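Dear colleague,

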Protein chains: 4
Amino acid sequence: MIRAAILGASGYVGGELLRLLARHPAIAATRLFGDSKAGQKLGQVHPHIAVPLADLTVERFDLAALDGIDLVLAALPHGESQKIAGAILEKGCKLVDLGADFRLHDPQDYAHWYGEPHQAPELLGRFVTGIPEFHRDAIRSAQAVAAAGCYPTATILALKPLVDAGLVDPASIIVDAASGVSGAGRGLKEGTSYNVVEGSFVAYGLLNHRHTAEMEQALGATILFTPHLAPMTRGILATCYATATRDMGPDEPLSVLRSAYADEPFVRVSNEPPATKWVAGSNGAVVTARYDPRTGRVVALGAIDNLGKGAAGQMIQCANLMTGLDEAAGLAAEGVFP
Amino acid sequence: MIRAAILGASGYVGGELLRLLARHPAIAATRLFGDSKAGQKLGQVHPHIAVPLADLTVERFDLAALDGIDLVLAALPHGESQKIAGAILEKGCKLVDLGADFRLHDPQDYAHWYGEPHQAPELLGRFVTGIPEFHRDAIRSAQAVAAAGCYPTATILALKPLVDAGLVDPASIIVDAASGVSGAGRGLKEGTSYNVVEGSFVAYGLLNHRHTAEMEQALGATILFTPHLAPMTRGILATCYATATRDMGPDEPLSVLRSAYADEPFVRVSNEPPATKWVAGSNGAVVTARYDPRTGRVVALGAIDNLGKGAAGQMIQCANLMTGLDEAAGLAAEGVFP
Amino acid sequence: MIRAAILGASGYVGGELLRLLARHPAIAATRLFGDSKAGQKLGQVHPHIAVPLADLTVERFDLAALDGIDLVLAALPHGESQKIAGAILEKGCKLVDLGADFRLHDPQDYAHWYGEPHQAPELLGRFVTGIPEFHRDAIRSAQAVAAAGCYPTATILALKPLVDAGLVDPASIIVDAASGVSGAGRGLKEGTSYNVVEGSFVAYGLLNHRHTAEMEQALGATILFTPHLAPMTRGILATCYATATRDMGPDEPLSVLRSAYADEPFVRVSNEPPATKWVAGSNGAVVTARYDPRTGRVVALGAIDNLGKGAAGQMIQCANLMTGLDEAAGLAAEGVFP
Amino acid sequence: MIRAAILGASGYVGGELLRLLARHPAIAATRLFGDSKAGQKLGQVHPHIAVPLADLTVERFDLAALDGIDLVLAALPHGESQKIAGAILEKGCKLVDLGADFRLHDPQDYAHWYGEPHQAPELLGRFVTGIPEFHRDAIRSAQAVAAAGCYPTATILALKPLVDAGLVDPASIIVDAASGVSGAGRGLKEGTSYNVVEGSFVAYGLLNHRHTAEMEQALGATILFTPHLAPMTRGILATCYATATRDMGPDEPLSVLRSAYADEPFVRVSNEPPATKWVAGSNGAVVTARYDPRTGRVVALGAIDNLGKGAAGQMIQCANLMTGLDEAAGLAAEGVFP
């Protein structure tokens with residue numbers, strides 16, 4: 001078994017990683033770090049986790065505790081990974097980092113969108129972008145992977161083949177997306193309390209959501225991105241608009257997606273607009289697209305589970321590749337539906 | 001008391017009209033028509049309605065039953081009103097129609113978007129558009145009003161002052177909106193069953209939703225409109241994008257909205273993105289807007305309750321105006337929150 | 001207009017009081033007290049409240065600010081009202097208190113269930129129990145009313161006529177109830193965060209919930225009470241079990257309820273089990289009951305909105321009575337459905 | 001691979017079976033029967049199922065199609081299995097039946113609760129009750145298993161060890177349970193439409209729910225059972241009350257449960273009341289219990305996913321045992337949380 005340590009084990013992504021690893025055939029979660037819940041049994045922290053994992057104790061992070069660890073899965077607030085990534089890599093561990101710290105190639109972009117200078121710009125070049133559908137070979141041979149964010153994953157899966165095929169103008173992209181509440185993390189906020197969220201739909205982060213930078217980098221585009229909070233726990237749907245570069249058949253964008261993802265184990269191309277629940281609790285993604293001759297625009301949609309393909313699932317998918325395992329080991333493409 | 005008849009009394013809009021009229025100081029629901037539930041007591045049809053209304057019987061529609069009726073509130077499937085509107089007006093009743101039948105001024109537009117010829121094009125000129133914020137005086141003196149649709153109301157409230165002020169290019173508009181499930185009506189469909197909807201977010205009606213025509217007419221615009229179904233019963237949020245016609249301060253669109261709605265009893269202008277729940281169960285609307293210098297676009301948002309300001313509330317607001325009552329009689333701007 | 005002050009204006013009950021008073025014909029909210037949000041405009045504290053109320057400022061409580069106030073509506077954490085009730089009554093204000101402080105007649109009961117001695121036992125005798133259906137005349141002439149709790153209101157409405165008629169053994173009662181999350185208040189807790197609550201049903205307060213005492217007092221009974229948290233914002237359903245004192249027809253309990261509530265404006269007796277949504281957002285209540293010859297037990301059910309008939313609605317109903325207004329002024333029996 | 005056929009493949013239990021078998025290491029779904037969707041690709045019927053399963057075609061049931069099938073998993077409406085079970089067993093297939101047809105040992109009980117005579121009483125003796133925790137050895141050697149119902153599974157897991165230990169009086173049991181909406185199946189009904197269910201809690205089947213018989217048989221008890229519909233898709237919580245046979249420590253029932261389930265892979269005993277979401281999407285169950293000296297009663301709670309341990313999960317657990325596989329193969333105890 002590959003011995004894995006989880007950083008940020010007490011958060012929602014940590015909990016999802018543990019749920020997946022509890023049934024993973026070849027990776028075992030052996031050390032769990034989470035400062036805010038250090039000292040507690042995992043079963044107290046995550047009520048869905050059963051024994052034997054539930055009996056492990058969450059620890060305060062300590063580099064020495066990584067001795068014997070093969071793989072580090074980090075789900076930390078931004079700014080935290082860059083403090084410790086160097087030392088982790090030094091120890092020879094493979095690292096899949098879900099934070100924002102190593103996603104943007106240019107440290108100036110990080111400084112601009114996150115409002116603080118990058119602490120480890122010299123490491124940026126060592127991180128491969130963690131979307132296997134577009135970076136599979138690089139991930140296989142990487143020591144460090146920066147797993148993509150949830151909104152970017154849904155958006156990039158829907159749009160990148162269309163941009164690469166030259167069907168849409170990258171300067172014209174609008175991404176309007178809705179996320180489940182788990183995307184906001186486990187911290188308590190009035191805006192994520194049940195009473196405020198149930199039966200309500202709201203936009204947030206108007207014009208300045210940080211995931212914009214990651215989308216623009218991946219697509220070589222200028223993007224206006226509006227995230228929304230939907231009254232659901234899991235799921236992201238990205239509805240993307242772009243000006244077509246030429247007239248085309250209404251289904252031509254769909255054909256491009258079908259070609260792009262023909263052999264992908266986790267991405268389905270659908271004729272119908274996908275519902276997020278089709279992939280809830282899974283590592284699956286569903287995309288579709290069509291051309292509107294009336295307005296000259298392409299609409300492309302991508303649905304994922306923000307904690308699955310948008311976080312923990314994609315991390316495991318990357319880890320499987322990095323460790324030479326079957327890419328799909330321990331992962332499902334089938335959503336928990338209904 | 002003004003004596004009102006309700007057509008389509010057994011549907012969700014009918015139920016909301018009855019809830020509102022149960023406490024209305026000057027309009028009484030006296031005849032209830034609903035073919036599918038004809039013969040049943042209203043209390044069986046709408047479990048939320050209390051006596052004395054609950055003891056009324058739903059009837060099959062009959063023109064003679066309108067004798068003595070001052071006001072007809074019609075919430076029928078499209079195509080139905082046009083068969084009977086002429087006779088209703090003939091009888092001297094005032095009519096507020098929520099269907100699509102009399103919203104589009106040009107019968108060719110109706111034929112194009114609804115796939116069938118209009119049955120009463122000669123009546124189109126007698127209907128005033130039922131958005132009081134923009135047609136108040138005309139509504140006051142009208143015998144017939146075509147209340148606006150739910151998506152169009154949210155969209156038009158958010159965008160029309162910006163279009164009218166010349167801030168945005170009407171040919172560039174994208175409307176991305178999410179609706180609660182009650183917007184789909186009371187008929188049983190798998191797509192509106194609880195198990196399918198809970199925890200899921202999905203787009204529908206891609207590129208061809210019929211409300212597009214109504215928005216385009218009201219705004220003199222070309223619009224790409226994508227509706228979504230959100231896991232909530234009530235509420236619409238329209239997130240609207242348009243290319244700005246010039247550079248401006250980020251809050252200039254907000255100022256335009258503030259001026260436009262300064263004296264409106266039901267429209268609030270918010271600095272923050274509005275949540276649909278702020279106006280759930282009410283006739284209120286909340287709008288906001290801002291300019292993004294980075295992409296040269298304006299984002300405008302409008303939130304309403306699709307059954308309130310998007311249907312029954314707006315119908316009553318129009319009826320109040322048509323009958324010389326206080327425009328706000330029997331209506332609230334305050335949402336049922338949380 | 002009767003001038004009302006609200007204590008606890010920033011909580012959920014405070015917000016519901018303000019929503020109701022915004023459209024109340026004869027009671028105006030003129031002073032708003034809420035220590036945690038003191039200094040903020042009401043519109044910031046409660047996003048559903050429109051102008052002119054939204055422009056009022058929330059104040060820190062000060063006895064002098066009650067000059068000119070006719071009516072105090074208090075929705076405070078337990079233990080708070082007893083510190084100030086004496087002074088409020090001294091000033092001649094009428095007082096409707098929703099806290100637990102003055103519900104239990106015997107200060108020993110308060111000490112036992114709340115774990116602290118009562119600070120103003122001499123005032124207990126001045127408070128009338130605030131369930132108008134059973135204490136209407138006393139409320140009319142009272143200066144001080146202790147509005148009943150949410151679970152007790154649902155339970156007492158369902159059971160009291162059956163106990164009073166001698167149909168059930170008061171020593172045998174089990175109350176199994178489910179509440180919406182707003183019953184837990186506005187404070188942030190992991191257990192009321194959206195992610196934890198959505199799609200989940202859970203019991204809490206096993207064997208020792210404090211509302212037990214209030215139910216037992218009102219019914220002269222011994223009660224085992226199990227509250228549950230249901231994934232909804234509003235609503236309480238109390239499902240009550242008791243051993244029948246004799247054999248009877250299956251509908252005899254229903255008949256007793258029908259007689260008891262024949263003239264009540266807010267209580268409906270239903271043949272079918274009521275759904276909480278029938279009365280959501282309203283002051284309505286629905287009850288039903290039947291006898292099970294197979295097990296010799298009576299099952300009685302009561303549904304209310306915990307913020308309506310279980311809190312703010314009932315407070316206003318009491319205040320209407322105390323001030324000589326129409327008991328139903330500003331209140332609806334019709335739920336916001338669907 | 002063990003070749004399995006699914007009867008009722010187009011329903012929700014069928015969909016859950018397919019989701020589980022899609023990742024099962026040793027059982028493959030090879031033939032899918034579902035009359036209402038016969039001829040459709042599975043991917044159309046169940047949008048969460050990915051290829052290769054999605055490419056299978058749903059067939060009309062035909063006995064000949066069972067040639068070469070090792071295992072039949074039947075999730076049919078009651079009354080259907082009894083028509084075909086004999087022939088299925090004749091062919092040598094192992095059969096796990098989830099319907100009610102073979103759960104009640106006495107055909108008179110079936111006739112009484114289901115209102116029709118049993119069509120195959122001679123087969124009743126060949127079916128073993130499908131709760132592995134109590135019938136593991138019999139299941140291992142059985143050709144036919146009648147998997148327990150969802151409410152009975154939650155109830156029996158919570159109560160049976162306490163009844164068996166003599167702690168509670170079996171004649172005194174009340175079961176008050178709440179279920180997610182998927183328990184009502186995939187058929188369209190107003191009562192399971194989104195608009196009606198969201199934000200609402202309601203009892204149903206008062207005094208006469210058919211699962212009562214199965215609970216009474218398993219516990220040797222007389223039971224008053226009240227099911228409720230909670231606004232969630234999955235999950236059952238059974239809150240069970242019984243009169244204690246003697247005074248005891250408050251945690252004695254908990255100790256009994258701990259002993260009973262010490263070695264169980266899917267049943268956890270919790271100090272705290274379990275939430276249904278802890279086991280959503282999984283085959284896990286969580287139980288707890290305590291004694292109330294004040295009322296002399298024991299309260300016991302059991303939480304499961306009605307589609308997991310209450311249906312498809314338990315069917316697979318039984319099938320694993322019947323086919324000599326690891327009992328936990330293809331199953332998780334960890335819920336999809338949050």
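Predicted model: local features only at pLDDT ≥ 70, side-chain atom pairs only at ≥ 80, totals over all residues.

In chain A, the unreviewed UniProt entry places the feature "domain: Semialdehyde dehydrogenase NAD-binding" at residues 3–142. Over that stretch the chain is 29% helix and 17% strand, and the C-alpha atoms at its ends are 18 Å apart.

In chain D you will find an open sheet of seven strands, which follow the order 3-2-1-4-5-7-6 with parallel pairing. Strand 3 (58–59) and strand 6 (127–130) of chain D are the edge strands, each of them pairing on one side only. Strand 6 of chain D pairs with strand 7 (residues 144–147) of chain D in the parallel sense, over four bridges, and in strand 7 the bridge partner of T129(D) is A146(D). Helix 10 (residues 308–322) of chain D packs on this sheet, where it touches strand 2 (27–33), strand 4, strand 5, strand 6 and strand 7, and its direction makes about 160 degrees with that of strand 5 of chain D.

How are chain A and chain B related? Chain B can be laid on chain A by a turn of 180 degrees and a shift of 0.0 Å along the axis, with an RMSD of 0.0 Å, and the two copies are thus related as by a two-fold rotation axis. In chain B, the C-alpha nearest the axis belongs to P231(B), at 3.1 Å from it. The same surface serves both copies, since 98% of the contact residues of chain B recur in chain A.

Note on methods: Residues numbered from 1 in each chain as written. Chains lettered and ligands numbered in written order. Heavy atoms only, no water. UniProt positions renumbered as here; feature names shortened; annotations may be inferred. Helix = DSSP H or I, 4+ residues; strand = E, 2+ residues; numbered from the N terminus. Pairing = 2+ DSSP bridges. Contact = heavy atoms within 4.5 Å. Axes fitted to C-alpha atoms, helices over the stretch in contact; angles between N-to-C directions. Least-squares fit on C-alpha atoms with pLDDT ≥ 70 in both.
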